[in-house]
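Work through the exercises below with the sequence and the structure open. Try each task before reading its solution.

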Amino acid sequence: MERKFFNSDFKGMLNGVRVVDLSRVVAGNMVTLQLADHGADVIKVEPMPNGDPLRAWRDNGYSTYWKVYCRNKRSLGLNFRAEGAPDLIRDLAMQADVMVEGFRPGTLEKMGLAPDTLIAANPKLIIVRVSGFGQSGPYSPRPGFGTLVEAMSGFASRNGFADREPVLPPLAMADMIAGLYGAFATVTALRAGERGEAPGQVIDLPLLEPMISILGPEAAGYTITGQIKERVGSGSNTASPRNVYKTSDGKWVALSGSVQAMAERVLRLVGRDDMNHDPRYKDNASRVKHREEIDRIVGAWVGKQTRDEALKAFTDASVTAAPVYDISDLIEDEHVVGRGIFE
């Protein structure tokens, strides 16, 4: 994201906001990362003697996860089980605007740091409580990692191919999504406090519910139709053509014909304008019914082109397509470099 500041001394929109982060691993760190990147003073309290488990997630000996998720934060080591530790946390919370914790539900209360008690002493305090399944409900006592909610949320059952096993994401998707939700909730809570409308709040941030939310209208569709959508790999249950296609040089391109005009351009480009006038492919719903046939036709055309040839043809025809990059491609891409996305 490009940010242009009129004042070179500007320190970020959240400058002056102090955050105490007691969380571990990704979700809580993702919440406070967003706040820190926008100028908040984040004090990262790490469990001793080993620190946040993120430090142990290494690439070739380097704590890359720690460096990414904990940038722009100050670090404090603490043995949470030591005598006096709750008193130190309480002292930090009294000087903070926000406190983020990721203990199993009920742990904060056992430490004598129940939210009601903390907010009574610091009425402006916002407490973000990260957990797998929330602070209430039958599953609330369970420990929860992103993998579990990626499975339970319905995401894995929609990801992958119909004739193969459900596929979990290879990265911390649930944690990342929950972290973004949590950061937004925190900023709205800060805004409400500034207006004097709702100072002192508790944000219940489970990993499960944000993950469910990205499924969009899945629950509504099931309620209406009674049908469970099958896994379609890189295809789509709602639009066609939409997939990844292999080029003659062994690379891949992705395209999406998710609106009528775009789908018509794709079929015209691959030499099948006749399909645009055939009732079997006349609209999106019809094309979805014949998704596999359309993918074979588009895939056959793409398979005769190199990736560069296919992308040029798509661009010239105003078709929405893109290369399938790996990370080595991505960091060298002229747009990524030009925007300064990686620093």
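The model is predicted, so local features need pLDDT of at least 70 and side-chain atom pairs count only at pLDDT 80 or more, while totals for chains, interfaces and linings use all residues. Residues are numbered from 1 along each chain as its sequence is written, and side-chain values use heavy atoms, without hydrogens and water.

**Exercise 1.** Find the helix that holds Pro-86, and the residues that Pro-86 is in contact with beyond its neighbours within four places in sequence.

Step 1. Pro-86 belongs to helix α3, residues 85-94. Helices here are DSSP runs of H or I with at least four residues, strands are runs of E with at least two, and both are numbered from the N terminus.

Step 2. With neighbours within four places set aside, Pro-86 is in contact (heavy atoms within 4.5 Å) with Met-111 and Leu-113.

Step 3. Between the C-alpha atoms of Pro-86 and Leu-108 there are 9.2 Å, and along the chain the two are 22 residues apart.

**Exercise 2.** Sort the side chains of strand β7 by face, then describe how β7 pairs with β8.

Step 1. In a regular strand the side chains alternate between the two faces of the sheet.

Step 2. In β7 (residues 242-246), Asn-243 and Tyr-245 point to one face and are buried.

Step 3. β7 pairs with β8 (residues 252-256) in the antiparallel sense over five bridges; strands pair if DSSP finds at least two bridges between them. Arg-242 has Ser-256 as its bridge partner in β8.

Step 4. Five residues lie between the strands of this hairpin, and Gly-250 in the turn has a positive phi of about 80°.

**Exercise 3.** Which residues of helix α14 are buried, and which are exposed on the other side?

Step 1. The buried residues of α14 (residues 307-316) include Arg-307, Ala-310, Leu-311, Ala-313 and Phe-314.

Step 2. These residues are on the same side of α14 because they cover an arc of only 160° around the axis, taken from the directions from the helix axis to the C-beta atoms.

Step 3. Asp-308, Lys-312, Thr-315 and Asp-316 are exposed on the other side of α14.

Step 4. Among the elements that cover the buried residues of α14 are β8, α11 (260-269) and α13 (291-302).

Note on methods. Buried means under 20% relative accessible area, exposed over 50%, partly exposed in between (1.4 Å probe, protein chains only).
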